Amino acid sequence: MSHTKSLLIRGGRVVDRDGVREADVLIVGERIAAVGPDAAAGAAGAQILEADGRLVLPGLVDAHSHAEGAVFDPEVQRALLRQGITTIIGGQDGVSYAPGDGAWASTYFAAINGPHPTYQGPGIAQLLASYDGAVPLNVAALVPAGTVRHEVIGGEDRPATADELAEMAKLVAREVTDGAVGLSTGLDYTPGIYADAEEIAALCRPLAAPGLPYVTHMRGGYEDNSQVGIEEVARIGLAAGVPVHISHFHTRADEAWRLMTLLAERGVDASFDAYPYTRGCSILGMTLLPPALNAMDPGEATALLRDPDRRDQLRRDWFPGVDHNPSLGPEWPELITIAHTVAGEFSWAHGLTLAQVAARRGTDAIDAALDLLAASRLEVNVVMAVRDQRPISDLGRLIAHPRHLGGSDGIFIGAHPHPRARGTFAEYLATYVREHGFLTWPEAAEHLSAGPAERFHLGDRGRVSPGYLADLALVDPETVRPGATYDRPLALAEGIDDVIVGGRPVLAGGDLTGEHPGGGLRAAVPGSENRSPRRGDA
């Protein structure tokens, strides 16, 4: 398909912060040229896209994505675009490919991010370049603090020396200069779990001048003990002089509102993402193994997991503590479902709980889990239910918080993944906008597009206004819905069949067009002349 010089979206209803109005949209090149009566007047020779009363939303931004390796797969591209997503932000939870050669992160997060098909290092400049002209949507990246620590210190459980801290901060500064949109930590993962608040604050200081955020999977869990993590978030943000963003903030709505108020009262500029599901998803090793074992080379860890004496020790000394997990508790075998394993002998286990796996094998859940981890060399991810299912009313109140931004935490690795990867943004629009009204359509455009575009310095995105980049999604407000469920997690969203990125149709009639106008997004920081933060753009 040839490059679209100009495109007129005719007969749509434009959604922006001012409301919903009938208006045509004229795109010239990669930017919106006119909205309203002037659009048709300047559309001579333009390609016409009939909106037929559909909503014209700014392209949606997934503020918490794990698709930075999978996005080259056309099926993943289709799954994202069918939700109206035109930009994803990777580098989450402190672990991703850059800086370095990507080998450690590709192994440790094999069941979350998977490998990157071409990246070999040394940093975010090369990672972002790998997307340019190769994908139909945009990819931004955070500096993952765990990867930075691993580059300098490895997996050791100790404080950084002054020289090591200086070296880590220098790495962060380089990645920020090369276009990173913030810095992330995963403080339940290794080696992030070993970093204290002072170390993290030092790594955040290069973010202060450009105003980029510190993004964190908090320490100490979520739910009713979220204040532990929030106190540390406040210390880091204030010490470094940076805004903060809390990843997958899935505490009760009243508690989230209270803690966000606490942060504001302390002078912390804070936001958060939260996906509209009650179940979580992560690697099984983080959930069930001691951090030191989970951090080992997979070969070493596998040998230990096969050792009968070490198994007895884990059963005696470690697993009683698993029963006290605030989300899972002693029912954990019934609440953990296998989403992904690379072990062929366990391929039948996809979609089954650990209790069901144990019953089929005639073992208990501890042996079933350890056998599965050993056979998979730790490459297992799981969907985790919770004891207390949250009602839509509570999740809706959480999502309605004015500092909420849309994020899926979507993981595309696995035969039976969490449905949030393919359903989150359609679920926001169907359940929390259309059906229950926790957000209006203009508020949805703020939470899911303009808000994250501003928070992460993504340039002129997030508005359907003249001069803005033409990343747009046409949404049927009556039929948009997620297809993916816990039982059918691979089904695609419905009701979003036409999506435009950089002025070019990338999804038409629900299918990919083959156009690749997307690429790596570099932060458009204050004072930058690059309002379209992607190198190589005309």
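Helix α18 spans residues 420-435 of this predicted model. Helices (H or I, at least four residues) and strands (E, at least two) are DSSP runs, numbered from the N terminus. The end C-alpha atoms of α18, a helix of 16 residues, are only 19 Å apart. A straight helix would reach 22 Å at 1.5 Å a residue; this expected span is 1.5 Å times one less than the number of residues. α18 carries a kink of about 40 degrees, centred on Glu-427. The bend is the angle between axes fitted to the seven residues ending at a position and the seven starting there. In α18, 14 of the 16 residues are buried (under 20% relative accessible area; exposed is over 50%, partly exposed in between; 1.4 Å probe, protein chains only).

Val-501 belongs to strand β19 (residues 496-501). Val-501 is buried because its relative accessibility is 0%. Its contacts (heavy atoms within 4.5 Å) include Thr-86, Pro-136, Ala-470 and Pro-517, with residues up to four places away in sequence not counted.

His-150 sits in helix α5 (residues 145-152). With a relative accessible area of 24%, His-150 is partly exposed. His-150 touches Trp-104, Gly-155 and Pro-191, again leaving out residues up to four places away in sequence. The side chains of His-150 and Trp-104 form a polar contact of 3.3 Å. Such a contact is a pair of N or O atoms within 3.5 Å; within protein, one must be able to donate a hydrogen and the other to accept it, and residues adjacent in sequence count only if both atoms are side-chain atoms.

Residues are numbered from 1 along each chain as its sequence is written, and side-chain values use heavy atoms, without hydrogens or water. Local features need pLDDT of at least 70, side-chain atom pairs count only at pLDDT 80 or more, and totals for chains, interfaces and linings use all residues.
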